[in-house]
Amino acid sequence: MLKAFKYRIYPTKEQEKKIVQHIGGCRFVYNWALENKIRYYETSKEKLSAYDLNYMLKGLKADNPWLKEVNSQSLQQTNKNMESAFTRFFREKKGFPNFKSKKNPVQSFQIPQHYVVDFEEGNVKLPKIGKVKASFSREFFGTCKTATISRSTTHKYYISILVDDGKDLPIKEPFNDNTTVGVDVGIKDFAVLSTGEKFDNPKYLKNSLQKLKVLSKRFSRKQKGSNNFKKAKLKLSRLHEKITNQRNDFQHKLSLKLVRENQAIALETLKVCNMIKNHCLAQSISDAGWSAFVTKLEYKAEWYGKTILRIGQFEPSSKLCNVCGYHNKELTLAVREWTCPSCNTSHDRDVNAAINIKKFSLQDQNLVGV
Ligand SMILES: [Zn+2]
């Protein structure tokens, strides 16, 4: 089972310079590899493999001697990543690989092996960079795979280590009507459960989002390039970073709770991009970071042997009465509560939807009433 462990690291000025050099070198090689792959394909209709690119690296290094300062395994890893980006593009129809820019918010490079984690001394030894101070919030046990060194917009440094604990994924536990929960994206709340429980973004996160609005407005009024512009920009990046951390923290806790308390979790497949076009919902959906939450839910379910069930996006989960099946075609987004004209049950819109999501997904499994 692979798990990632992320820690803050504190490079000295000298080490910082080397890290930046590694990031720059890997970005340079990535863009060079992408260009070469495209050009080679255009002329010969054949693919350049990571192996070919690694071979061509020698020539590139001769022309750009500064690349010799960069750990060559990190550069080769870049070619490997380029190859997997193309595989994803062809196999999974994901987007065409993009050129990397200096302006991307997170800058990073990878170290495939030969780095040493020392929990006792509180440092990590990186090839060509040396022993960098690290703060280890928790220890891990297992085999270290690839490490990623990253630099945030506010110039903080992190290491994320992929660790194989040598254990197999647990076997999926059986589930039934009683041990399955339906989850709906609420309009007002972050998530609403078929049990009637509602979870909203925590107050500290809402406060930060409010603050973000104020700061962005202020930032937009500053003259580009001025000192005040730079100050406001840094302030804004710091807040963005804080919001990301607060959101992740909340999503980790909620996903863990759902996975621990249920054997199966039923979700609706959302087309988030379509929903963002609908202006009313845009704010709440993009703020909620629903897809980031679902990702956390999915991998935690794998770790704990739980199942994620999905229903299609075309099932009218919020418009059907979960008791008698009446289809309320008139229901608009603004309506929070409604009473079924057929069986007289009063519904909370989101709870009713969550119950339907659970029902539909169990029906798909032929498990209703099991
Ligand atoms: Zn009804």
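## Residue Q77

Q77 is buried in this predicted model, because its relative accessible area is 9%, below the 20% limit for that class. The residue belongs to helix α3, which covers residues 72–91. Apart from neighbours within four places in sequence, Q77 is in contact with Q110, P112 and T146.

## The largest pocket

The largest pocket holds about 1700 Å³ of space. Its lining comprises 37 residues, and those nearest the centre of the pocket are A4, K6, S160, N248 and H252.

At least two residues each come from the strands β1 (2–10), β6 (143–151) and β7 (157–164) and from the helices α5 (227–261) and α8 (290–304). Helix α5 gives the most, with nine residues.

## The zinc site

The zinc ion is coordinated at 2.3 Å by the SG atoms of C321, C324, C340 and C343. Along the sequence, these donor residues follow the spacing C-x2-C-x15-C-x2-C.

The arrangement of the four donor atoms around the zinc ion is tetrahedral, because they subtend angles of 104 to 113°. For four tetrahedral donors, the ideal angle at a metal is 109.5 degrees.

C321 is buried, because its relative accessible area is 1%, whereas C324 counts as partly exposed because its relative accessibility is 37%.

Notes: Residues numbered from 1 in each chain as written. Predicted model: local features only at pLDDT ≥ 70, side-chain atom pairs only at ≥ 80, totals over all residues. Heavy atoms only, no water. Helix = DSSP H or I, 4+ residues; strand = E, 2+ residues; numbered from the N terminus. Buried < 20%, exposed > 50% of the residue type's maximum accessible area, 1.4 Å probe, protein only. Contact = heavy atoms within 4.5 Å. 1 Å grid on protein atoms, 1.4 Å probe; cavity = no way out; pocket = protein on both sides within 12 Å on 5 of 7 lines; lining within 4 Å. Points joined across faces, edges and corners; volume = space filled by probe spheres on them. Donors = N, O, S within 2.8 Å, 3.2 Å for Na, K, Ca; no water. Tetrahedral: all angles 85-135°; square planar, octahedral: opposite > 155°, others 65-115°.
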